[in-house]
Each structure stands twice: as structure tokens, then as C-alpha cells.
Amino acid sequence: MEDEEDNNLLWAFSCENGCMGILMVTCMVLTWILIHRWNQRNKNGPKTWPLVGAAIEQFINYDRMHDWLVNYLSESKTVVIPMPFTTYTYTADPANVEHVLKTNFANYPKGEVYHSYMEVLLGDGIFNADGEIWRKQRKTASFEFASKNLRDFSTVVFREYSQKLHAILSQASFQGQEVDMQELLMRMTLDSICKVGFGVEIGTLAPNLPDNQFARAFDTANIIVTFRFIDPLWKIKRFLNVGSEALLDKSIKTLDDFTYSVIRRRKSEIKEGRESSENDKMKHDILSRFIELGEDPENNLTDKSLRDVLNFVIAGRDTTATTLSWAIYMIMSNSQVAEKLYSELKALEEDRAREEKVSLLQYDTEDPESFNQRARQFARLLSYDSLGRLHYLHAVITETLRLYPAVPQDPKGILEDDVLPDGTKLKAGGMVTYVPYSMGRMEYNWGSDATSFKPERWLKDGFFQNASPFKFTAFQAGPRICLGKDSAYLQMKMTMALLCRFYKFALVPGHVVEYRMMTILSMANGLKVTISRRS
Ligand code: HEM
């Protein structure tokens, strides 16, 4: 009996001690958390929690992450966000951006992590390389992109595909059908970049909008490698070859089969062309030019490095299509801009007809035949030089990129500890990200009307004026500035000129336009519109 009482007493004591212990630990943890939170009362950026940093808040805001950053960056030009095991620094300050992208460029590479995630798709291509490998490719590619041959060839290709798009829209307008502009623009830019890059016709913009194996594999691979950045299990899945990684493997095989067969075909065509010395068989696509350069052993271009022409497809396709989608959305939402643009295009049409000594064909907006003929005539008048005269259109596209940059945030690795011009300390191994989406919306960068869509801000006496590339960062800046910028403007201006001269767009009622959280600022639900014809 006594024993039993002793045991009960012992039990009660140990329970009491246990409870006290738990209580003490709880109090200590709570005090730690309270001190941690108290110390942050004057801190810029999101308030963090011990160990997990700002991960919870970032996770909750994941789908609206770009606007989440806008809120913090409008309070402070640079914010430092602790995360589990690392720190992310985001900046919208042009001085800091110049430091990262130019002044101390060597300290901020794409980095090993990016390279390992993207290698399966991009190999060691220009978009995915650092150091000497990147430098060599940049030199060769810059030379090619500056060539008049490539520019003339691109102009012809972009005109041809804008016309194909015009024809699809014409049919939809006569039949009163809704279309998803983003989907059509994605098809157009894929077809045209495959033509410019590889010299092949993949035909996804044919009137019946066919399914295409290469296009599907390309989209799937692109989505899955992007998903790797937020999928902690991708390496295990890859090792086991299951789930998304198995699908990626299959898609890469399709892309490789296609690319290597084009390389083989193009090589033999070049050889045949030479043997028969038929100059008209000469090709101006990027792949053909690289094959020719590869004949010089100094350039050391293997089939594997020729396959990396895919980098240009990745770099140029979605960026151009999403920018065009947002530009059309901006024009729909700002009718005065649409009208000003229409006037500029009508004036150019008349000027060009005069210059070419042709009379403009009469047409009736209710008659498909004459309407389409006049559009074809206008397209023929759109040359590289005449597009250069469209200053208002240039401003419309640039203003779109200011508010809806195709690459909304661009992270860089940090090789060594550094200090940004505003005093922010950066630790080696972390990430620093310049944020074009936020930069375009900051009053401290663009004045009190920063969030308004105003193409006029880019014009002086009717002429387009550039801004510093460290403030307008849609194309990056410094030694790695986008190589396809001029080519992208050429295609966007060609397409917009033809579409905005002949059509008015209206959003399908109830259609919600919002971005999808991806590396490219695409529209989550596409851009569903109805189209009417203009006189
Ligand atoms: C609106 C259209 C475009 C936008 C907004 C855009 C934007 C960008 C940005 C932000 C980068 C830097 C990416 C990074 O390093 O993380 C980049 C790089 C690049 N872009 Fe573009 N781009 C566009 C169109 C194109 C086109 C049409 C091409 C080629 C056909 C192209 C070729 C490249 C290449 C090769 C690079 C890598 C340059 C290097 O690392 O040295 N881009 N672009």
C-alpha cells in the first residue's frame, strides 16, 4: 500500500517536472520568437520567423509574387529576404543593377545551380554558360546577329508569318469567332524562330492549328525544367526516371531527334550547294551560318554545340509572344492609344504607297477578298527601314515591356562577398535578383505616373528616346544584354503594324487576364478576344 503511494507520488513529481520542462522550453522558444520579431520592427521587407525566414509569407503569396515584391520594393529600393539556408536579395535600384550587371559583372554569373537545372535542355549554349564558354559563343553569335543577311532573311520570315496570323484572324472576324491571341502568337513565334534558327517550316500556324510533335516536346521540356526550381524531389525523380522527369527525358529525345536530323540535312544541303555551286541555295538561317563557321577547326563547333541553336528558340519564342499578348491587351484597354497607333499606321501606309508609286487597293470591310488583298498589300510595304519610322509603335511596345517585362525577375549567383552601391551586403553563395516587373512600377524610377500606361513618356518631339538599360531592364543590360533585342522589335513591330492597322480587339466578357507565376510573364488564362475589322 505504502509502495503504491510512493509510486503515485513519484509519478506526480515526474509529471510535474516534465510539464515544467515543457513549459520552460515553450517560454524560451516564445521569447526567442518575440525577440526575433521585435528586432525586426524597423526592418525593410517581409518580417521573418526563426529558421524558416520569410518562406511562409513567400509561399502564401507565391501566385502573386511579382506584386508582393512591388509592395516591398516601393518601401525600399532593395530588400533582403532570409530563407531557409540562404538569403535572397531583390533590388529595383538602377545603381545596384548597374553594379551587378556591369561594374562587377564577373562576380554575378548565372551560376552552377542554374546550369545544372537547365543543362538537359540548353546544354552549354549561350543562354546557359558562364565564363570563357559563354564569352566565345557571345562573340560568334553577336557577329551573326549583326549581319545584314540574317536581318533581311528575318524580315521576310516575320512578314510571312504575320500574314499567316492575319489570315487566321480575318477568318475568325468574318465568322464571329473568339480566338486566344496568346496561343496564336505562341504558334507564330515558334514557327518563325524555327525558320530563322534552323531554316525549317514546322507549320503550327496553319489554319487548322495542327498539333506538332516538336512543338509539344518543346513546351513540355520548357515547363518541366522551369518546375525543377521549385521541385525539391526532381533529382530523385530523375534518378528513378519517373513522373515529370520521365516525361522530360522523352521530350528531350524528341527535340534531339528533330535537331540532329535538321543538322545532318542542312550539312548535306550546304555540301550539295557547294558542289553544284548554286548560290541561290545558300541558306541564311542561324544553324547554316554556324555550320559554315564550324568548318574552321579553330571554332571547334561539334554537332552537340550546333544543337545548342535551340538556345535561341528558348530565348526568343515565349518572350516575344508574351510581349505581343500584353501589348494587344494594353491597346484594348487604352482606346486612345489604339487610335493614335492606327493613325500612325495609316500615315505610313500612304507614305509608303507614294514612295513605291503604287495606288492603294480599294476594299470593303464586309468583303473578305478585297479586305485580305489590301492587308497583303500593306504587308508588302512594311520593310525593315519603314518599320524603323514607327516611333509611336516602338513606344507602345517599350511601354508594354516596362509594365509587363517578359522576364519579370532575373536572379544571379554571387561568387564572392560584395557590397552594393546602396550599402547592402551580399554573401557569397546567395542570390541577388534585379526585378524588371517592380522596377517599371516604381515612382522613384518613373515618376508619379509610374503605373499608368503612357507610350508618350518615350517620345520627344515625336521621336523615340531610349532610357538607361539599368532602369529599363526588360532586356537585361551590360555584357549579357539580350542578343535578340533588335530582332524581337522587328518581329513585334511587323506583327503589331499589320494587326493594329486592320483590327480592333475586345476582351471576351468575363475573361480574366492575369499572369502565371513562371520565369516568363505569360497570361495564365490566355488572351481571349473578339475581333472587328477596320476601314
Ligand atoms: C520581347 C522579347 C525579348 C525579351 C524581353 C528578351 C529579354 C531577355 C533577357 C531579360 C535576357 C537575359 C536573360 C538572362 O541572362 O537571365 C535575354 C538574353 C538573351 N536573349 Fe532575349 N529577349 C527577347 C527576345 C529575344 C529574341 C527574339 C532572341 C533571339 C532570337 C533573344 C536572344 C537572347 C539571347 C541569345 C540571350 C542570351 C544572351 C547572353 O547570355 O549573352 N532574345 N533576353
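This is a predicted model: local features need pLDDT of at least 70, side-chain atom pairs count only at pLDDT 80 or more; totals for chains, interfaces and linings use all residues.
A polar contact is taken here as a pair of N or O atoms within 3.5 Å. For R138, an N or O atom of the side chain is 2.7 Å from a ligand oxygen. For D410, the corresponding distance to an oxygen atom of the ligand is 3.0 Å.

The shell around the ligand holds 27 residues. Those that come nearest are W134, R138, D410, R480 and C482. By class, the shell comprises 16 nonpolar, six polar and five charged residues. Four elements each contribute at least two residues to the shell: helix 6 (131-145), helix 14 (310-333), strand 4 (410-413) and helix 21 (485-502). Helix 14 gives the largest share, with six residues. At the domain level, domain 1 spans 41-107 + 406-451, and domain 2 spans 119-405 + 474-533. Both domains give residues to the shell, so the ligand lies between them.

The ligand contains an iron atom, and C482 is its only protein donor. The donor atom is SG, at 2.3 Å from the iron. C482 is placed in a loop, between strand 9 (463-464) and helix 21. C482 is also listed among the residues that come nearest to the ligand.

Two serines were examined individually. S173 belongs to helix 7, which covers residues 148-175. The relative accessibility of S173 is 10%; buried means under 20%, so S173 counts as buried. Its side chain reaches the backbone oxygen of S170 at 2.8 Å. Beyond neighbours within four places in sequence, S173 is in contact with Y503, I531 and R533.

S487 lies in helix 21, one of the elements that supply at least two residues of the ligand shell. The relative accessible area of S487 is 25%.

Conventions
Residues are numbered from 1 along each chain as its sequence is written. Side-chain values use heavy atoms; hydrogens and water are left out. A residue is near a molecule or strand if one of its heavy atoms lies within 4 Å of it. A polar contact is a pair of N or O atoms within 3.5 Å; within protein, one must be able to donate a hydrogen and the other to accept it, and residues adjacent in sequence count only if both atoms are side-chain atoms. Ala, Val, Leu, Ile, Met, Phe, Trp, Tyr, Cys and Pro count as nonpolar, Asp, Glu, Lys and Arg as charged, and the others, Gly among them, as polar. Domain bounds come from an automatic or database domain assignment. Donors are N, O and S atoms within 2.8 Å of the metal (3.2 Å for Na, K and Ca); water is not among the atoms, so sites may look incomplete. Buried means under 20% relative accessible area, exposed over 50%, partly exposed in between (1.4 Å probe, protein chains only). Contact means heavy atoms within 4.5 Å.
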